Amino acid sequence: MKKIFTLLLLSILIVSCGSSRKVTTRKTKTKPKVVIKTTPKVTDKEETKDVVVEVTPKSTPEVYANKTEEYIAIYSDIAQEEMRNYGIPASITLAQGILESASGKGRLSVEANNHFGIKCHGWTGAKIYHDDDASQECFRKYKNSKYSFRDHSLFLKERKRYSKLFTLEKDDYKNWAIELRKAGYATDRRYPEKLISLIERYQLHRFDAEVLGKQTVNNDKHVVVKGDTLYAISKKYNITVDQLKSLNGLQSNDLHVGQVLFVKPIPKDF
C-alpha cells in the first residue's frame with residue numbers, strides 16, 4: 001500500500017513539473033532579401049551600334065565657284081541646242097536665264113521652272129502668280145526647265161517684233177542684247193548692258209563659237225584636290241592666274257576640294 005502511494009505521489013510530481021516548464025521554440029532568424037537592380041553592361045560595340053546611322057554612299061557632286069557657274073554648267077548644252085534649232089545665240093539665252101532666274105534660284109524658276117519670266121499671254125497650261133510690274137501677275141509654269149528654254153526660243157521666233165534679231169549675226173551678242181531691249185523684251189534701260197556684262201564675265205560667247213564651228217572650244221576641266229592653288233593649276237595648264245580666274249568667274253583665290261575649273265582659255269583673237 002505504501003508502495004502504491006509512493007508511486008502515485010511521484011507521478012503527480014512529474015506531471016506538475018512538466019506542465020510548468022516553458023517550452024521555447026528557437027526561431028531561425030532570416031535575413032531579408034536584398035534585390036539589386038543592375039543595368040546590363042553595354043559594350044563599346046553595342047553603344048556604337050545604337051548611334052551609328054548607316055547611309056548609302058553617294059557620289060561627290062561637282063563643286064562650283066558660285067551659283068552662276070553651276071547654272072552655266074547645267075544649262076549650256078540646252079542653250080546650244082536651242083541655238084542650233086532656232087538661231088538664238090546660246091550666250092544670249094544663258095545670260096537672259098541667269099539674269100531672269102537669279103541663276104536658277106528665283107521663285108519662278110524654283111517653283112515653276114520658268115527661267116525667263118515669261119508671262120501667261122494666252123497660255124492655257126499651268127500657271128503661277130507672282131508680283132512683278134503689278135501685283136500677282138500670271139506667269140507660265142512648266143513641268144521641266146527644258147520646256148522653259150524651248151518656250152523662250154518660240155517666244156522670240158514667233159513674234160514679229162523680234163524679227164530684226166534674226167537678221168543679226170549669230171555671234172553678235174552685243175547687238176542681240178541691244179535689239180532685245182528695243183523690241184520691248186525688257187523695260188530696264190540697262191538690260192543690254194547687264195546681258196553683255198554677264199556674257200563677257202563668264203565668256204558665254206565660247207558656246208556660240210562652238211555651235212558655229214568658228215572655234216573649237218576645248219572645255220577641258222580640272223577638279224581641285226587638296227593642296228591645289230590657282231598658281232599651281234595655272235602652271236600645270238600653261239595659263240595665267242588672271243586667265244584662270246576670268247575663265248571661271250572667280251572673285252578670289254579661294255578654292256574648294258572637288259571644285260571644277262575650266263582650264264582652256266578662249267584665244268585672244270576670238
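**Working chat: buried sites and helix packing**

Biologist: To start with H152: is this residue buried or exposed?
Modeller: H152 has a relative accessibility of 0%, below the 20% cut-off, so H152 counts as buried. Please keep in mind that this is a predicted model.

Biologist: Where does H152 sit?
Modeller: H152 lies in helix α6, which covers residues 145-157.

Biologist: And what does H152 touch, apart from residues up to four places away in sequence?
Modeller: With those residues left out, H152 touches T93, Q96, F116, I118 and Y185.

Biologist: S153 comes next. Where is S153 found, then?
Modeller: S153 is also part of helix α6. Its relative accessible area is 0%, so S153 is buried.

Biologist: Which residues does S153 touch?
Modeller: Not counting residues up to four places away in sequence, the contacts of S153 are E82, Y86 and I88.

Biologist: Let us move to α3. At what angle do α3 and α4 cross?
Modeller: The axes of α3 and helix α4 (residues 90-101) cross at roughly 135 degrees and come within 8 Å. Angles from 65 to 115 degrees count as roughly perpendicular and those over 145 as roughly antiparallel, and α3 and α4 are therefore oblique to each other. Their crossing is right-handed.

Biologist: Which residues meet there, between α3 and α4?
Modeller: From α3, the residues are T68, Y71, I72, Y75, S76, A79, Q80 and M83. From α4, they are A90, T93, L94, G97, I98 and S101. By class, this contact of α3 with α4 has eight nonpolar and six polar residues, and no charged ones.

Biologist: How do α3 and α9 pack?
Modeller: Helix α3 (residues 67-86) packs with helix α9 (residues 205-212) at an angle of about 40 degrees, and their axes are 10 Å apart. That angle makes α3 oblique to α9. The crossing of α3 and α9 is right-handed.

Biologist: What residues meet in that pair, α3 and α9?
Modeller: I72, S76, Q80, M83 and R84 of α3 meet R206, F207, D208, E210, V211 and L212 of α9. The residues of this contact of α3 with α9 divide into five nonpolar, two polar and four charged.

Biologist: A change of topic: which residues are buried in α11?
Modeller: In helix α11, residues 241-248, the buried residues are L244, K245, L247 and N248. Viewed down the axis of α11, the buried residues fall within an arc of 165 degrees, so they line one face of the helix.

Biologist: What covers the buried residues of α11?
Modeller: The cover includes α3, α10 (230-236) and β4 (260-262).

Biologist: And what follows α11?
Modeller: α11 is followed by G249, which has a positive phi, near 65 degrees. G249 is in the loop between α11 and β4.

Biologist: Is G249 buried or exposed?
Modeller: G249 has a relative accessible area of 4%, so G249 is buried. Leaving aside its neighbours within four places in sequence, G249 is in contact with N66, R201 and Y202. G249 and Y202 are 47 residues apart along the chain, and their C-alpha atoms are separated by 5.7 Å.

Biologist: What about phi of A102?
Modeller: Phi of A102 is near 55 degrees, a positive value in a residue other than glycine. Most residues other than glycine have a negative phi. A102 is found in the loop between α4 and α5 (107-112).

Biologist: How accessible is A102?
Modeller: Its relative accessible area is 32%, so A102 is partly exposed.

Biologist: And what is phi of N113?
Modeller: N113 is not a glycine, yet it has a positive phi of about 55 degrees. N113 is found in the loop between α5 and β1 (127-130).

Biologist: Finally, α7. Which residues are buried there, in α7?
Modeller: In helix α7 (residues 173-182), Y173, W176, A177, E179 and L180 are buried. What covers them includes α4, α6, α8 (191-201) and α9.

Biologist: What follows α7?
Modeller: α7 is followed by G184, with a positive phi near 100 degrees.

Notes: Residues are numbered from 1 along each chain as its sequence is written. This is a predicted model: local features need pLDDT of at least 70, side-chain atom pairs count only at pLDDT 80 or more; totals for chains, interfaces and linings use all residues. Side-chain values use heavy atoms; hydrogens and water are left out. Axes are lines fitted to C-alpha atoms, for helices over the stretch in contact, and angles run from 0 to 180 degrees between N-to-C directions. Helices (H or I, at least four residues) and strands (E, at least two) are DSSP runs, numbered from the N terminus. Angles under 35 degrees count as roughly parallel, over 145 as roughly antiparallel, 65 to 115 as roughly perpendicular and the rest as oblique. A crossing is left-handed if the near helix is turned anticlockwise from the far one by less than a right angle, and right-handed if clockwise. Contact means heavy atoms within 4.5 Å. Ala, Val, Leu, Ile, Met, Phe, Trp, Tyr, Cys and Pro count as nonpolar, Asp, Glu, Lys and Arg as charged, and the others, Gly among them, as polar. Buried means under 20% relative accessible area, exposed over 50%, partly exposed in between (1.4 Å probe, protein chains only). The arc is that of the directions from the helix axis to the C-beta atoms.
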